[in-house]
Amino acid sequence: MNATQTNAPALTNEYLNTKKQQKIQKRELWLKDKISQMGHDPKKYEAWHNELEQIQEKIKILKNPQEVVYDRIRSINLQKCTDNQLVSFKTKIDYEIKKRKKEKIEQEEIELQNTIKDLKQKGWLEQGKAFAEIRRIISEYHIFDDVSDSNLSNSKLKQMVKGSSYPWHVVGPMKAGLVYSNLEQSMFLLEPKQLLCHIINQIKSKHKIDEWKIEQEKAKAERIQARAERIEARAGKVAQTWYQKMQEQNAQFEIALADAKARKKMSITENAFEEMS
């Protein structure tokens, strides 16, 4: 007896259970339709309501079709299956997984395109058009004196929107007014007003960072200058002390030299007197 024959009774019961559920659901829909109609005998309405309540209680007990199918698959004893049967199961499962994955991607693409269509009707723009509009507004209205079109390339604006790299990470990514326009999440659909606010905040933040860096560089230069002055002053003091010490030593040397000359002269005089005597 093979695996299919072994599990046949259980499969048949579950199959009948599913068929029974489908029949009950059809009856439920029929009763709801009848109850919604007017002109029937009041006793029929009462009977239909009672039957509908009983059916709804049964539906709570019955398994849904997905659970039934899962139970059928789980009940198969794989150890009793042949190699060919296992390969067949795997092939069918792999095919179903790929098919569902493809269908899911297609459905997500359809939903995304519908979302994009609705947003475009509300004034949202594709990434390139939105960036061009931001450059135009900032340039025409002179929002920043030191920012021109050349400072706002598409790549830089994209970095500002993402807000992940320095210095744009301070403000961070754009939190509203942005929708990815492809499943790979490499392109945006943007709401111009919210994009403009975000870009202005990013530029203001960068200005603050630049000012802070200038202040830090200035403070660093002042510290270096003060250190150099302290070193120079210390060196001057050391040189002055050394000079004074050398002067003192020279004076002592001159005194010692004079004493030596005087003693030598006296010694010569004494010798001369001795020779004369």
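Start with Pro167, which sits in the loop between helix 7 and strand 2 (178-180). Helices (H or I, at least four residues) and strands (E, at least two) are DSSP runs, numbered from the N terminus. A cis peptide bond joins Tyr166 and Pro167, with omega about 0°.

A word on the source: this is a predicted model, where local features need pLDDT of at least 70, side-chain atom pairs count only at pLDDT 80 or more, and totals for chains, interfaces and linings use all residues. Residues are numbered from 1 along each chain as its sequence is written, and side-chain values use heavy atoms, with hydrogens and water left out.

Most residues other than glycine have a negative phi, and most peptide bonds are trans. Now take His142, in the loop between helix 6 (127-140) and helix 7. Its phi is positive, near 50°. Gln185 lies in the loop between strand 2 and strand 3 (188-190). Phi of Gln185 is also positive, near 60°.

Next, the second largest pocket. Its volume is about 160 Å³. A pocket here is an open set of points on a 1 Å grid over the protein atoms alone, where a 1.4 Å probe fits, with protein on both sides within 12 Å along at least five of seven lines; lining residues have an atom within 4 Å of a point. The volume is the space filled by probe spheres set on the points, which are joined across faces, edges and corners.

Which helix gives the largest share of the lining? Helix 8, with 4 residues. The lining includes Trp168 and His207.
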